[in-house]
Amino acid sequence: MVTGHQLGYVQADRDLLKTMEPAGKLYYMLLLADVVVLLWGIYAWMTQIYTGLGVSGLTHPVMWAIYITNFVFWVGIAHSGTLISAILFLFRVRWRASVYRTAEAVTVFALMTAGLFPIVHLGRPWYFYWLLPYKQMGGLWPNFRSPLIWDVFAVFTYMIVSMVFFFTGLVPDMAVARDQAKGWRRLLYGFLAQGWQGTDRQWRHYTSAYLFLAALATPLVISVHSVVSWDFAMSMVPGWHSTIFAPYFVAGAIHSGLAMVITLLIPLRRVFRLDAYITQWHLENLAKLVILTGLIVGYSYVTEYFIAWYSDNTFEWESFRYRALGHYAWAFWIMIIFNSLIPLLFFIKRLRTSTPWLFGISILINIGMWFERFVIIVTSLAREYDPYSWGLYTPRWVDLSITAGSFAWFFLWFLLFAKFLPVISIVEVKEELPAPLKAGETG
Amino acid sequence: MEVNRRDFLKVLSIGGAAALTGCSAQAPEKLIPYLIPVEEIIPGKATWYATVCRECPAGCGMLVRTREGRAVKVEGNPDHPVNRGRLCARGQASLQGLYNPDRIRQPLLKDASGTLKPVSWDEAEAWLISRLAELLQQGKGVGITWMTPHLTGSPDRLVNQWLKILGSTRRLRYEPFAYEPIRTANRLTFGREVIPTYDLESSTVILAFGADFLETWISPVMYAREFAAMRAYKDGRMGRFIFIGPRLSLTAANADRWISVRPGTEGVLALGLVGVIVAEGLVKGLSQDEVGRIRALVDCYDFKRVSEATGVEPEEVKRLARTFAEGDPGLALGGGTAVSGPHATTTLVAINLLNYVAGNVGRTVRFGPVSTLSQLSTYREMLDLIQAMEKGQVSALFFSEVNPVFTMPKAAGFERALGKVPLVVSCSSFMDETVAKAHLVFPTHTPLESWGDVEPWEGMHGLMQPAMQPLFETKALGDLLLSLAKRLGGPPAQAFKEESFYEYLRARWRELHQRLQSDVDFETFWVEALRRGGVFEAIPAQPVRLNVQALSQVLEEPELAGQADAFVLLPYPSLVHFDGRGADRPWLQELPDPMTQLTWDNWLEVHPEDAKRHGIEEGDLLTVKSPDGEIELPAHLYAGVRPGVVAIPIGQGHTAFGRHAEGRGANPLALLPKEPEPRSGGLPWLSPQVTLARTGKKHLLASVSGSDRQFDRGIAQVIPLAELQAYAGKEPHDEHKVLQMYPPHEHPNHRWGMAIDLNACIGCGACVTACYAENNLAVVGKEEVARGREMSWIRIERYVEGPPERPETRFVPMLCQHCDNAPCEPVCPVYATVHNPEGLNIQVYNRCVGTRYCSNNCPYKVRRFNWFTYKWPEPLNLQLNPDVTVREMGVMEKCTFCVQRITEGKERAKGEGRPVRDGDIVPACAQACPTRAIVFGDLKDPESEVSRLRQNPRRYRVFEHLNTQPAITYLKRIRPSEEA
């Protein structure tokens, strides 16, 4: 439901396409700042490729740290899109219409960011293609027993399906944009519209294809992050080797994905004055979902500790004791408080309907979820089986710059998206509107 | 260079013969260019040369492996009686002396401005000759002085002869650790001023008073071997070992008990033990009369007084005496810096007396063969030299490979006195603190490029031969002396018939040949000596009698006078740097000190309680002040020093000596007093008064240890002796059976495995350095070590158990376990690490993309990642083993069980048409181990030693419960019974 019966099709077209009008000063300043950070991150990466991974803070025994943290974080972010667009679509949740385009864009861009990190973290990134499933070096396939290869499959599959889903959903909107655009934009939108005329036949095909893709994407929400979690769970590292990891990671991913969507929607709504389309009602529903995922995540934290204690396994218990009380305890408490305690504030209606609270808490959840991955990866590796080989990880400028650069990369795409594509699905918004009675606008 | 075909083949035939016999008869006189590839030279085939290690005065025999004319690895010579095929870390690192990037490459002459400028050999020698001729003309030949380190045999004789011809007898053999108190005490008690043979192997109880015989004391590799044999469990028994001294050294850590006594009171304790032995009638083999006289001597040292003086419980004194007297035979060892206080001689006399009453003299303490270290100059003689230099009596000072500016107390004033000598000539390979003060610097060959002979013990004639062509424009010391004599003309020129030192050496060996083996012709004798690494005579022990009269004057109450709030300073020779001569070897800098686990640095060890009292924390930079000097050092909190004592390792704090040595820590010699110990003339190392003050600065100490404790994780396990005795042939328990998801690996021919005996491992780190040398491991430097990025494939984990006042140190060599169910293998996405048909877990560098997942999944954490492409400063790169890949950045690496040696062993067996025999293949770590703690072999062969050790009741595997099925079996360390 979109507010106000006063809205009509033409108004919706006009409002929603307005986001694609030439940008203002603020936009260009943001873009410039973003590109500067991105270039700095690229410089840091080039330094790392040229000199070796030694310029990062990675060390023995913490061989994975914030690169893999970033990878898992961005894959997690990518979950919101499919959840909102596919699962909520299948469940016919009506409030999804206004937010799903942004969510899907977040998915695609987050995957594009996440996909960089397995390459960034390689010792010899110029051989990254050896991880791809093809016959190499005269007959050698990659090792299909390695969870990292499963990762390649999972992430690639998810990326392809998400992109197809994203572009399919765009087709009718692109036709609207094409009809109103001139010059090269017309060519671009024309191409993306794929000759859409809005005929019944096209609509019939379109809706069934969309439904089919939604059905295809839904299991991926579960599978992708399950597979990512198996990077850890399949190893024998205390603190990683746990059967709870798959559901725990999926819940965490959705948690962070929802938070990221809220974080992006609120400024978007403000800047483009889309209050009529992204209403408090939409945001409140997202916040309610966040309560659910936050509870699941919190439950997982507790379960992990219970199992570590119940197993009476020295190695496991030490790993968890260290998490809460050791060198990285601050990160652990950020994770606990930001991810499972603060979201509980959304039980209070006044807070979940207040935009500043929503925005603030969503950012805290983003931070908390980043630290969740950091805590799982770094603290577990820092305290493994052999006490003599315990060690600490401290990030250095290269890791931090590449991380910052990855955020810049993500936001660069998002900024371009906001200017070049309709951030809200025009077609689906119109579906929610009362049909026009005669021609043109209704009273 | 002209080499005709005939010469070429002649040289080659010798090389070919050498390849057959294992060692070369003669080093090629000229470098052979591979202009024409000739069949006899097989690229890729190693040639071995036997020589003697000169890294410390112990004189271990060494085999040098050369490839394509370059020395690439050194190993102990199995035929040499000192070390029997074993070698310590310092010996391994002799290669980094040869290839050191900071070697002096041409002669240097000090110009008017006081800087050393390169000159040609001809110029340098001509300049010196003119100066010498001048001196001789002025009649100042008598003031010419020669200072060498411990030299024996031909080089020693040549130096003396040369000096004599110029009309001087001023000759010093200077070693910072000259064992003066031992020699003097033996003169006083037994009438012989020598260092005797100590027979550790035959002893059943060893009592060491400060003697760090597993580290640096006299002949550590030999003693380590004997010690391990003595400690081995056989027939339900093992030898006992108790260490007495103020610091828990590596040697002390290997003892059943470390008894911490008040510094300087070791002698009182020894006399107390004598007292108890005499009083309780435990004396062995002495007449009643003699016992009576000894009783009179030690009467005043009743165990209660001794207990008060030393801080040892009275009952403990008694128990200790009984334990020692039970020894059949026992052995009391005394020495090292810890007992070299102002009463060192008294302490050593007391220890002699203890050995005497327990009946050990003549059994485990034998006067023959005696150590040639007995001929070293004393510290007092060095002080006399300084005085002579100050007075202008020294007209010229020649020295070679000694560094008194660094190794003598600053207060002794050697550096200042050196300024008064008109002509200072250095013949050394490295620009150290003393060489920098010379007027003329002749760069000499390193030992691996030189001919020579070394006689560490009477009758033990080790022969040195060059393993390769000299790397730079250097000369052998002997050749230089002969050349100078020739140039001087007149009588000096006539005195020497020989053209080269090689001939001079052979001339002396002709004498040996006449004396020892005149039944064969000389060439046979010579080639055999070269092949075996020397000629070894058996020297019988001579009986000695106790001189009781002399003793009564010596035995007085030893005491260290000190202020109440001051610390007693104990400088101790570093296991890796010795007196400082190892500090320019990157392998040794990177090898962690076994007790502190620190690398690349120098530090002050302070007891945690003292630290707490003075508000000192780990890494605080302190000002250490004594009446004689002041230095700045970072604090390391170490429960292994007695409260009230602070310890500093000797060997760092170089201001010259190359890029790897310079600017690391400070030299504790700056704190020591000048005055010698009155009786022996030795340097009193134990300095009574130092005070500590914080500077407020912090210093990064690069430790390799993540934890001192193992938290009951069963990595380093022990078994009580009683429990082991109870097994007596019965099997302890069966390894638990586990369900396997995958079928087991097939090993059709071999399954390589290893057994590591923790009861033998002393934690010395020789295996670590051997691995660096064999496998081209990169040295990463202090900052990277501090980050945890050292590259060692094998490391000695050190864990401490028990209460702080009675620490139990455990060492575990940790290396790739070559698991049958290797956790690293399934996680690698590109098959860069796989199981091979011989049970090796192999790492394919070319395939590795560097996900590092394998390292995360390795419970043993033995995989090392190439964070950078590491560089070897030239010419250190020439040492790289051509059989082992040099890894580039971004790939993982780890122990290969020396796969190149496995391949070589199999090839050799195949060439000889036989199966591989047990012992054919020995990885570098196992080869080096002074105590034979590491045994490698084929687990498929039920007769192999490793297969038998896998059945030992002491066996266990680390993290057995993880079902990784490691190929390495550890044997538990045996914990002796509780008392004493």
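Which residues does the domain assignment of chain B give to domain 1, domain 2, domain 3 and domain 4? Keep that in mind as you look around; this is a predicted model, and the tour starts with the answer.

**Stop 1: the domains of chain B**

Colour chain B by its assigned domains. Domain 1 is made of three segments, 108–173 + 377–463 + 472–499. Domain 2 covers 180–361, domain 3 runs over 567–703, and domain 4 takes in 759–975.

Now keep domain 3 and domain 4 of chain B on screen. Their centres, taken over C-alpha atoms, are 32 Å apart. Where they meet, domain 3 of chain B supplies 14 residues and domain 4 of chain B supplies 15 residues. Select residues 586–590 of chain B next: this is helix H22, which gives the most to the domain 3 side of the contact, with three residues. If you colour that side by residue class, you will find nine nonpolar, three polar and two charged residues.

**Stop 2: a four-stranded sheet in chain B**

Stay in chain B and pick out the open sheet whose strands follow the order S36-S29-S38-S37, with mixed pairing. Select 934–938 for strand S36 and 955–956 for strand S37: these two stand at the edges. Each has a single partner strand, so one side of each is left without a neighbour in the sheet.

**Stop 3: chain B as a whole**

A cartoon shows 31 helices and 39 strands. The radius of gyration of chain B is 28 Å, close to the 30 Å that the globule rule gives for 980 residues, so chain B is as compact as a globular protein of that length. Along the principal axes, its C-alpha atoms fill a box of roughly 90 × 80 × 65 Å. Of the 980 residues, 58% count as buried. Among contacts in chain B between residues at least 6 apart in sequence, 74% join residues at least 24 apart.

**Stop 4: where the chains meet**

**Stop 5: chain A on its own**

The cartoon of chain A has 17 helices and zero strands. Its radius of gyration is 23 Å, close to the 22 Å that the globule rule gives for 443 residues, so chain A is as compact as a globular protein of that length. The C-alpha trace of chain A spans about 80 × 55 × 40 Å along its principal axes. Of the 443 residues of chain A, 49% count as buried. For contacts in chain A between residues at least 6 apart in sequence, 82% join residues at least 24 apart.

**Last stop: helix H3 of chain A**

Select residues 66–77 of chain A. Helix H3 has twelve residues and reaches 16 Å from its first C-alpha to its last, close to the 16 Å expected at 1.5 Å a residue. Is H3(A) enclosed or open? Twelve of its twelve residues are buried, so H3(A) is largely enclosed by the rest of the structure. Show side chains to see the buried residues, among them Tyr67(A), Phe71(A), Phe73(A) and Trp74(A).

Notes: Residues numbered from 1 in each chain as written. Chains lettered and ligands numbered in written order. Predicted model: local features only at pLDDT ≥ 70, side-chain atom pairs only at ≥ 80, totals over all residues. Expected span 1.5 Å × (residues − 1). Buried ≥ 20, exposed ≤ 12 C-beta atoms within 10 Å, placed from the backbone. Pairing = 2+ DSSP bridges. Domains from an automatic or database assignment. Contact = placed C-beta atoms within 7 Å. Nonpolar A, V, L, I, M, F, W, Y, C, P; charged D, E, K, R; others polar. Rg over C-alpha atoms; globule rule 2.2 N^0.38 Å.
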